[in-house]
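My plan was simple: start with the whole chain, then zoom in on a few places.

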Amino acid sequence: MSLRLIANWKLNGSIEFNNQWAEDFFKNFSSKNSKSIGIAPVSIYIGHLKKVIGDCGIEIGAQNICDKEFGERTGEISASMIKDMGCKFSLIGHSERRTFFHESNKIISQKLNQANNNSLIPILCIGETAEENKRNKTYDVLESQINEALRDLNQLSSIIIAYEPVWAIGSGKIPSPEEINSIHKMIKDVVQSRFPKIGLKSVLYGGSVNSDNASSLFVLEHIDGALVGGASLNGKEFAQIANILSELR
Ligand code: PGA
């Protein structure tokens, strides 16, 4: 399975939200291929959302997993528990986790290991800040985030990387599609050359993606899909992005 479009609902949602979202999504989704779509709701709603969307092929995943398997980690959820709920993937190292929960690349690497041990596909999120971007440090920052996250893993059969510039998340600003395309190519080159035993399935772009800018992104060779926050909260809008992706890829 290669996921190409993932909804990151962040700290949003409710039972009513799930019902309304599914109604709006399925009314507007015109493609037959829902196999490459994933939704990451707040974990407590995974079971309910699974029931609401039924057996349509859309995968449900987590926004985060614990770096430990079990024991003294009050409030956490392990990769094996997420797997137990029937999920196939988890976001790992989203910039909001790095910023608000102080997740280091070392912790992120341990989380990748947990995902790997439990056959969950990790969606590793990387991205530079506005300041780093201004100082032309984007490539250096991304390279070091990749190196530090992956270097302790001997093997990983599947990983997806989401390139999400921190300054583009929720801001309405995005880099030019050509710039994103070159950055994705660099990400693929770095992973393939330094970590040949790691199976990079796709590189997604995240940060202010919506139905207006989606086609300018999805036409480019190395932009395999998107991780969508704000625009994914509206079922109709997310269906429109999914329709564009299935037309173009
Ligand atoms: P955004 O968020 O689409 O609202 O910019 C993306 C993300 O944080 O994954």
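I began with the surface: the accessible area of the chain is about 11,500 Å², and carbon and sulfur atoms hold 48% of it. I kept in mind that this is a predicted model.

Next I looked at burial, and 53% of the 249 residues count as buried. The C-alpha trace spans about 45 × 45 × 30 Å along its principal axes. I then checked the radius of gyration: a compact globule of 249 residues would have one near 18 Å, and the chain has 17 Å, so the two agree.

For the fold, I counted 10 helices and 8 strands. Among contacts with a separation of 6 or more, 74% join residues 24 or more positions apart.

Then I turned to helix H7, residues 138-150. How far apart are its end C-alpha atoms? They are 18 Å apart, and 13 residues at 1.5 Å a residue should span 18 Å, so this agrees. I listed the buried residues of H7 as Thr138, Val141, Leu142, Gln145, Ile146, Ala149 and Leu150. They cover an arc of only 140° around the axis, so they sit on the same side of H7.

My last stop was Ser104, in the loop between helix H4 (95-100) and helix H5 (105-117). Is Ser104 buried or partly exposed? Its relative accessible area is 33%, which means partly exposed. The Ser104 side chain reaches the backbone nitrogen of Ile107 at 3.2 Å. I also found the C-alpha atoms of Ser104 and Gly93 separated by 8.3 Å, with the two residues 11 apart along the chain.

How values were computed
Residues are numbered from 1 along each chain as its sequence is written. This is a predicted model: local features need pLDDT of at least 70, side-chain atom pairs count only at pLDDT 80 or more; totals for chains, interfaces and linings use all residues. Side-chain values use heavy atoms; hydrogens and water are left out. Helices (H or I, at least four residues) and strands (E, at least two) are DSSP runs, numbered from the N terminus. The expected span of a helix is 1.5 Å times one less than its number of residues. Buried means under 20% relative accessible area, exposed over 50%, partly exposed in between (1.4 Å probe, protein chains only). The arc is that of the directions from the helix axis to the C-beta atoms. The radius of gyration is taken over C-alpha atoms; the globule rule is 2.2 Å times the number of residues to the power 0.38. Contact means heavy atoms within 4.5 Å. Accessible areas come from the Shrake-Rupley method with a 1.4 Å probe; for residues, only the protein chains shown count as cover. A polar contact is a pair of N or O atoms within 3.5 Å; within protein, one must be able to donate a hydrogen and the other to accept it, and residues adjacent in sequence count only if both atoms are side-chain atoms.
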